[in-house]
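Here are some notes to read beside the structure. Please keep the model open while going through them.

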Amino acid sequence: MKTLSLNKNKIKIVLLEGVHARAEEVFRKKGYHNLTLINHSLSGQDLKDAIADAHFVGIRSRTQIDANVITEASRLNAVGCFCIGTNQVDLDAAKMAGVPVFNAPFSNTRSVAELVLAEVVLLMRGIPEKNAAAHRGEWLKTARRSFEVRGKTLGIIGYGHIGTQLGILAEGLGMNVLFHDIEEKLPLGNAEASESLNSLLAESDAISLHVPLTPQTERLIDTEQFQQMKDCTILINASRGNVVAIDALCAALDSGRVAGAALDVFPVEPKSNDDTFVSPLRQYDNVLITPHIGGSTLEAQANIAFEVASKLVRYSDNGSTASAVNFPEVMMPDLTHHDVQHHRMMHIHKNVPGILQKINQCLWAEGINIAAQYLQTLDEVGYVVIDFEAAPAKSLLEELRGIEGTIRTRILY
Ligand code: NAI
């Protein structure tokens, strides 16, 4: 029996916005050479023309893939957002068109953790204000309020990808690590879960926030929380701007409750590098302000390229949609280890009763024995991947496409 193999040269991949070269490496290594690389973002008709016959499209944060663009890109199989956010894609329209969207939510974990650790060290020594003063010609040579981090307690709020990584790095410098999370978390290293948020606030010398923005975390650190902190605490926020109440932080800086802070994220951030950054925090020498670059390193860009390109390749090669942000998630085993040469097809359809039965009827009519079937649904969309043993006749695809409610179908092998 001969396996139908994917003709990868027919699969057109368009990468916009100068996606890191690591993505190209991943595609070529996996046999995908039909690549179009564009180093800027496109919009309007230019975008539609560029991706009109593309099977896979990779973008970063500037290219807007709206419902109209998706409708016109009739061959589009999947979109890769080579970044963290996916707001630039109409995720519902993509889902209804049978187009999973992938991103790389955790590729810059290490970059954030390293920056935060460096900020803990700098703030403990009072470096930001000494640096600012020296730029003005002042010489603040003193050991007053200057501390080593060794033996101090770092309180981590949100013990997820970044929080855990930061805890490990901080222990390497001899810090004690306390954490608070709303979920039960296994402590790494010698870290300890604090009894409550308040006890973490009361016991920490430096506090760093690593939570998502949710209704519960909005203004999580407000006047009341500042009151729980030790005098001269250090506060770092590289999570989301609205997690810290800026007015309350200013009051805590004025009173000395907070000796120094580092902020990478703000309730309102400039839309581009040409806009002015407006914030009451600009007046404080002891506040390190960075322009939302916690995760912005070349290593993170390379990791993002690797992660997203790998997800697109995996979807193309074996149908896996694991970690897609808008799509039923099906995790597929590779077929290479099977004893029998199997074939695999995927069928994306409206999530209405009876479709699976009709698909199985088509296979039965062709005398095809189903070896495995993986189905997941998400809201109005269903996604089934079927492995079978007989080589499919060419007519099978047409029959499957004819089933009412079919959005997209493809035979992979
Ligand atoms: P994650 O999802 O791995 O971890 C978040 C943790 O926060 C989870 O363990 C969760 O259970 C916990 N959590 C949620 N609500 C909580 C609450 N009310 N109280 C305490 N814990 C709570 O996320 P990750 O990757 O560690 O990212 C954390 C934050 O960092 C996110 O807001 C993310 O957007 C931000 N981020 C910022 C970057 C930057 O450039 N500054 C780059 C990357 C991420």
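1. Basis. This is a predicted model, in which local features need pLDDT of at least 70 and side-chain atom pairs count only at pLDDT 80 or more, while totals for chains, interfaces and linings use all residues. Residues are numbered from 1 along each chain as its sequence is written, and side-chain values use heavy atoms, with hydrogens and water left out.

2. Whole chain. The C-alpha atoms of the protein chain fill a box of roughly 85 × 45 × 35 Å along the principal axes. The chain has 13 helices and 16 strands (DSSP runs numbered from the N terminus: H or I of at least four residues for helices, E of at least two for strands). Of its 413 residues, 48% are buried, where buried means under 20% relative accessible area, exposed over 50% and partly exposed in between, with a 1.4 Å probe and protein chains only.

3. Contacts along the chain. Among contacts (heavy atoms within 4.5 Å) with a separation of 6 or more, 65% join residues 24 or more positions apart.

4. Domains. The chain is divided into domain 1 (1-108 + 297-327), domain 2 (109-289) and domain 3 (329-413); these bounds come from an automatic or database domain assignment. The centres of domain 1 and domain 2, taken over C-alpha atoms, are 36 Å apart. Five residues from domain 1 and five residues from domain 2 take part in their contact.

5. Buried area. How much area do domain 1 and domain 2 bury between them? The value is about 400 Å², with 48% of it on carbon and sulfur atoms; buried area is the accessible area (1.4 Å probe) that two parts lose on being put together, summed over both. On the domain 1 side, Phe-106, Asn-108 and Thr-297 lose the most area to domain 2, together 93% of what that side buries.

6. Polar contacts. Between domain 1 and domain 2, five residue pairs are in polar contact, both residues at pLDDT 80 or more. A polar contact is a pair of N or O atoms within 3.5 Å; within protein, one must be able to donate a hydrogen and the other to accept it, and residues adjacent in sequence count only if both atoms are side-chain atoms.

7. Asn-176. This residue is found in strand 7 (residues 176-180). Asn-176 counts as partly exposed because its relative accessibility is 41%. Leaving aside residues up to four places away in sequence, Asn-176 touches Gly-151, Lys-152, Thr-153 and Leu-154. Its side chain reaches the backbone oxygen of Gly-151 at 3.3 Å.
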